Every structure is written in structure tokens, then in C-alpha cells.
Amino acid sequence: MEPGRRDSLALLTDLYQLTMAYGYWRAGRQREPAAFELFFRRCPFQGGFALSAGLGECLAFLRAFRLRGPDIEYLRTVLPSTTEEAFFDYLRTVDASEVTVSSVLEGSVVFARVPLLQVKGPLLVVQLLETTLLCLVNYASLVATNAARFRMLAGPDKKLIELGLRRAQGPDGGLSASKYSYIGGFDCTSNILAGKLFGIPVGGTVAHSYIMSFTSLEQVQPRSLKPLDGDEPVDFLPLAESWLGQVCQLLRVPPDKAHRGELAAFVSYAIAFPHDFQGLVDTYCVMGSGIPNFCAVALALNQLGYRALGIRVDSGDLGEQAREIRQVLRTCSAEFQIPWFATIPIAVSGDVSERSLEALMQEGNEINMIGIGTNLVTCPLQPSLGCVYKLVMVNGCPKLKLTEDEEKMTIPGSKVVYRLWDAAGLAFMDLLALEEECPPGAGQEVAVHLLGRREEARRVTPAAVEILHRTYFQDGQVCQALPSLLEIKSHAQASLSMLSPAHTRFQDPEPYQVAVTEKLHFLLNGLRQSSRS
């Protein structure tokens, strides 16, 4: 959600939040202290982790949260006619000034059943926050996680550009995808508005339509280009044509096979952007036309003191074509004694998915940059993270949702979450404890019960202990300095590096351990038994 639209989010909620709020108010329970937790039940993409994202948007929403006059008037039209007038008067006073929110640091690695957000405050108010907080966290965390997976497959050295705006679920989805894929490890975006709003580097070249719009060399206007270190303009078109002849002879490509409209497009683009020339080479025939035309224009630019920035391929066998292109660049480099020519970056795009990227990386390639759109921003392998927002305490009483499905059972009580580290500096367990408990200590043995396993307590001895959550919102204000987007991105990569490869591998990842203390285990079992009796 871009800046300037958060003041209208108070009604970005489900109707049942308002009907519950009325029920609380009608029963005189609106100010009872309550605690909710926002978490997910399964790690996305059949993986072993997720990245927490969306905190900044949540805090901006909380600061602005208030039902204004037009909101109240609209609610009169959708709530039952029997709703008392005094309730609408009460809603005019509602804000987040008594709400406290604790969160993991944005960009942190998180796991199933561990709260991303802990929300405390008056029952009516924290109930009203549910849908919006879920909306702001669910997709943000999902796309950040998806981006992190693409980054892990690509490795640290490949440049990744997000190209998903045209395929995203609306403008807000497009902006969110650009922002949170950057957090997940992408280097830049094609989305100009995201660049303006969030400071993300922006990149892009041309589409096939630009190449196809040229049909002949007569369409090249203007034709002149000043040398980098000269004043007298040079007629650039015949210079490029001369180089095309030499390239075709070197590559043993018939000169008439090189598409003249494509050459015209490349020449026109190079004259417009001599410092930033990049060629999209698969409009017609990559090796028969696109590459000879690109090399001709790049060599002509070199003669005038400029360096071409790169090549893009958008279709076909991307890995094989990149290898063939690299060989051509090396051949030209050696033949024309231009060392840098061999290292011109090669970018690929074209419906790149996890599976196709994994195959590219396994077979080895000469690719420098990868553009990913649809399979990044739409998260087709899992369209929702499935976060939930559950009541864990009201009026000092722990609350448990009891269900036959063990996975959907909640963990009662207000809690502190500790991340336990081993001697190698890797996180090995998240431990949920009641707030009143003494914290575990580094080097001290602690008894724990693993969630999802019916077994006796086991004992672990952490080398280091970290409190996972910080209080970010209190008394109506953000109370922690928020990191920049670049700092969040760096934290995400650092957080991932502190996990065992067993948890981050793509095939059959080892589940990360999430456990509760003995005291919390006894509370959970006690509430379970009393609820069934």
C-alpha cells in the first residue's frame, strides 16, 4: 500500500469484525485487556522457512487507525438497523492509542506456529485490527519468501530484476511485489513508481515492439553521434553497417540474414542511449540476426569510446543461447582486440520459474542477470501464506482454540519467544515461554516440549539465547527506530545465513524445531483437558 492511502484503511476489514465489536460493546466488554498473535501454520512452498515482512506497513496503519465521520456514516448502512446509536458514538473514539505491538525484526527468518506479531490492547480495538494486519503481512511475507528462494537458487552473484508489475494482482499488488521481492534478495525492479516510493533501483531496456516498429534503415533519425571524447558528430549508421559486414564474415553468417529493421532499432537506441545500450536479440533469429546486429552496433559504439551494457534474451533455451552468445562475444573480443567485449553481461527473461532456474543453475551458464515476473509476484506454487490472528489471552485468562486438527490448535497465554543458538552460531530452536517465566540462559540446560510431537520433555543447552520480539508500537506511537529497506534486505540475507542448510534446502527440508517450556506445556494440556471435560 503506497503512502497516502493508509488513512482510509480503517474500513479495510471484514464485516464480522464490526459485528463482534458491537457484541463486545453491548456486553460491556469492549475495554477488557486482550492479546492476539499473528502466525502461520505451515512454512510456504513446502519449504522450511519464511521471511517476516510488512511490519512497516502495519505500524503506519496503526498510527493512522481511526474511524472518521464518513466511515461511521457508511457503517450505519451496513450494520443491522437495531444497532444502537451509542455504539456509533463510541466508534468515533476508537483508535490504537492503547495498543501495544511486538514483532520480530522485519526480514527475519520465521517458522510455523511462531508469532510474527503479538498484539495487546482493549478487546474491541485489537479485534478490529485483525483483517488489516493479516492483509498487510500475508502477501508481504509470502512474496519476500518467494524472492528469497529465487535468490538462493540463483546464488549470490547473479543479478535479479523483478519484472512482475504487468502480471501482478492490481496496482497495490504490483507495488508490494516490487518492495518485498527487494527485501527477499532481488537487486532491482522495472516498476518506476516502486523506485520512487521505496528507493529501489530501477532497470529495464526495450520490448520486442520497439524492435518490430522499425522496418528499414531509412527510419534511423537522427543518424549522428558524437564520439565520447570528441566534438564532431559521426554518421553512426554507416559505421554500424561496416562493422556488421566484418561480424558476419567472422561468424560466417550471410549478411542478408541480419534483419535490417532490427539493425535500425539497435542503431536508433544506441544513438539515444550511447552509455546505456542494451540489445534485445530474440525478436527474429538470435544467432542469425540479433547477435550479429548487436555486435555490429556495440563495436561501432566502442570505436567512438562507448561500451555496450548488455544483451537480453527473452525466449528459447536460455542457458544454451547464453553459452552460444558468450562464445560469440569471446570470438569478437579476440578478433578485434577488445578485452571487455568478452564480458558483456547477458540477461535472460521469459517465464522463469523455480524449476527452470534450478535447471539453469545445475547445467552451468553464462548468464549475468535474470528477470523474473509472473512466477515471482503471483507465487503460483502457493498463492497465500495462510497467516491467522488468534486470541491467546483475555482479562488475564489464557485462551485455547481446541480442535480435532492438532495443527489448528492455538497456544494459550501471553508469551515470550526465544531463539536458541548452537555453538556453531546457527539457530536450532524457537522456544515459546509464558511471560512470567524466567528466561533460559546461555550454557544452561532447559527442558522443552517440541510442538507436534507426543513425547517426553527433552533437554537442550543453547550456546546463546535471543529474545525474538521487540516492542515496536506503544501509546499510539512507533517506539523503535525502523531500518531502511536496504537494511531490512541485508538483515534477511544474514538471517538466512544463520540457518543450517538442512532447513533451507528445497527438497525435503528438515523441519526447524519449535518448542514450548514445561510450564507452557502444562498450561496447554490443562486447558485441553478442562475444555473436553
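This is a predicted model: local features need pLDDT of at least 70, side-chain atom pairs count only at pLDDT 80 or more; totals for chains, interfaces and linings use all residues.
Residues are numbered from 1 along each chain as its sequence is written, and side-chain values use heavy atoms, without hydrogens and water.

A search of the whole structure returned 2 cavities of 30 Å³ or more. Here a cavity is a set of points, on a 1 Å grid over the protein atoms alone, where a 1.4 Å probe fits but cannot get out, and lining residues have an atom within 4 Å of a point. Volume is the space filled by probe spheres set on the points, which are joined across faces, edges and corners. The largest cavity holds about 50 Å³, and E37, F39, R113, V392, T410 and I411 form its lining. That lining comprises 3 nonpolar, 1 polar and 2 charged residues (nonpolar: Ala, Val, Leu, Ile, Met, Phe, Trp, Tyr, Cys and Pro; charged: Asp, Glu, Lys and Arg; polar: the others, Gly among them). The second largest cavity, of about 40 Å³, has a lining of 6 nonpolar, 3 polar and no charged residues; L116, L117 and V137 are among them.

Turning to the strands (DSSP runs of E, at least two residues; helices are runs of H or I, at least four, and both are numbered from the N terminus), β6 (residues 159-162) runs parallel to β13 (residues 369-372), with 4 bridges joining them. Pairing requires at least two DSSP bridges between two strands. Within this pair, I161 lies opposite G371. Strand β6 also pairs in the parallel sense with β7 (residues 188-189) over 2 bridges, where E162 has T189 as its bridge partner.

Definitions and conventions. On a 1 Å grid over the protein atoms alone, a cavity is a set of points where a 1.4 Å probe fits but cannot get out, and a pocket is an open set with protein on both sides within 12 Å along at least five of seven lines; lining residues have an atom within 4 Å of a point.
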